[in-house]
Amino acid sequence: MRADVGGVAVAEGHFVNGERLDSTSTFEVRSPLEWSTKLADVARGTSEVADLAVGAARDAFSSWASLGVGERASYLRRLAELIERHVEEIALVECLDMAMLHDSLRERVIPRAARNFRAYAELAERYSPRVWNSQGTHNEVLRHPAGPTVVITPWNAPFMLSTWKCAPALAAGNTVVLKPAEWAPLSCSLLMDLVDEAHFPPGVFNLVQGLGEEVGARLVADPRVRRISFTGSPETGRSIALAAAQNLTPFTAELGGKGPFIVFEDGDLDAAADRAAAMYDDAGQVCLAGTRLLVSEQVLDSFLERFRVAVDRHVLGDSRDPATTLSPLIHPEHLARVEGFIARAVAHGDRVIFGGRRWREGQLWYEPTLVAPHSNDAEIVQREVFGPVLTVQSFGDEAEAVDLANSTPYGLSAIVYTSSQSRADRMARALRAGTVWVNCFLVRDLTAPFGGIGLSGVGREGGEYALDFHSDLTTYQVREATTRG
Ligand code: NAD
């Protein structure tokens, strides 16, 4: 069955072993832009479907794994080309499904998905094993495809994030079962149309739709699965770690963030203020966002003045309108969660400087909000809100900035504004974060390691790190005098 989503026919079923599987059991998908609009009734995966999909991935594994790396790379490149050709439909469907800004999807986010496939095609082809001599032996590191891989993804930027995780698995020679988030499952369904059009062998790349605690939990508990690659919340990360532990299945987890945004007195305050205001983009539903503004007390007032001006430039509205800069939250439950954070903050003595309320009753927009916490231990400082909510605190010197920055259980990203290279170097070494950006943000080189510390994640993906994760490594040692033949 296909639903008409903004004029695009989106399959509502799973995609297993090269075929669509419809289901009588479904869940509703609604648009955050207009909650009364139902977009689709998507298949609600069961244990049977999960088992079938892993079985298909298992059956397809040995022939996919034994294809030459160049042949696998050509499938990935074909898929990249098809994504580029279908950017418009994918961007529109994802915009309606999760309300990310349409222009940003079309120009940046969906094209990045194509880049993910191209980048891993190239990296896999370029791989040359480490070779060295030691103690009279010739040594080599051999990479073997690991096996069927389950990829579980969240609802923010679901198409791009899913491809970021599936591309290295496929390039490494693993087969994949993807389970996207139930709050935004539609764009990944379009991806399967393209997988079909690219003539991937059946079973190599499968999609199962459904609820995390049902079909997701079944997938990650399957002993036939040899890798789990997860992006989502720390809470779900824990459940997946427990399931993975049962079968000793290696997993990576890219989890939540509570990044510091540090502004030193020698930083470019205009640039910092503009960038800080951009932390509200996508309604703050960005794991990498720097949501804790930490500002040198010497420039706090002048920074906040500029920041307020930059925030006031935000335009709340329909994500399809090019003038809009601030989209609604994904779901009424998520809006209620964000509201809960603010209500508790106020009850505990934190001060809302601006925002702190819905834009319009009955809709899912929340105003950009800034909170001055009563203490660094406040919940609003220590827990990820994942909405358009920032906090602001001041610091006296660099040591205090580092202490505040490193004071939460998360460690995904950190952003620093300073004009001093030596301070930048010191901060990069002192901050506890998977990525530190100085005077920039979201510059993503796909070969760089990506991941988090503490509650922000386990393991690293990106570049060779992801290819290693998706492989079983063999250290091959042969006595140098061994004759060939
Ligand atoms: P979530 O953890 O609720 O869900 C993520 C996925 O896990 C969904 O597909 C869900 O169906 C599935 N799931 C839920 N329970 C499961 C279970 N028991 N077993 C298997 N799968 C299960 O996260 P979310 O609300 O979709 O996404 C928001 C979170 O994701 C935020 O914390 C955000 O910071 C994080 N995130 C992190 C990154 C990163 O790169 N570090 C990127 C994007 C989002």
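Which residues form a negative surface patch? They are Glu297, Asp397, Glu400 and Asp403. One of them, Asp397, sits in the loop between strand S18 (389-395) and helix H13 (398-405). Asp397 is partly exposed, at 44% relative accessible area.

This is a predicted model. The chain holds 15 helices and 22 strands. Its radius of gyration is 23 Å, close to the 23 Å that the globule rule gives for 485 residues, so the chain is as compact as a globular protein of that length. The C-alpha trace spans about 75 × 60 × 40 Å along its principal axes. Of the 485 residues, 56% count as buried.

**Salt bridges**

Side chains of opposite charge can pair when their charged atoms come close. The whole structure has 32 salt bridges. The table lists three of them.

| Pair | Closest N to O distance |
|---|---|
| Glu122 and Arg126 | 2.9 Å |
| Asp318 and Arg320 | 2.8 Å |

Arg358 is partly exposed at 25%, and Glu339 is partly exposed at 25%. Shared partners also link salt bridges into one network of Glu265, Asp266, Glu398, Arg423 and Arg426.

Glu122 and Arg126 both lie in helix H4 (residues 102-126), four residues apart, about one turn of the helix. Glu122 is partly exposed at 39% relative accessibility, whereas Arg126 is exposed at 53%. Asp318 is partly exposed at 28%, and Arg320 is partly exposed at 41%.

Definitions and conventions: Residues numbered from 1 in each chain as written. Predicted model: local features only at pLDDT ≥ 70, side-chain atom pairs only at ≥ 80, totals over all residues. Heavy atoms only, no water. Patch = residues over 30% accessible without salt bridge, like charges linked within 9 Å, V, L, I, M, F, W, Y side chains within 5 Å. Areas by Shrake-Rupley, 256 points an atom, 1.4 Å probe, with all protein chains shown as cover. Salt bridge = Lys/Arg side-chain N within 4 Å of Asp/Glu carboxyl O. Lys, Arg positive; Asp, Glu negative; His and termini not counted. Charge placed at Lys NZ, Arg CZ, Asp CG, Glu CD. Helix = DSSP H or I, 4+ residues; strand = E, 2+ residues; numbered from the N terminus. Buried < 20%, exposed > 50% of the residue type's maximum accessible area, 1.4 Å probe, protein only. Rg over C-alpha atoms; globule rule 2.2 N^0.38 Å.
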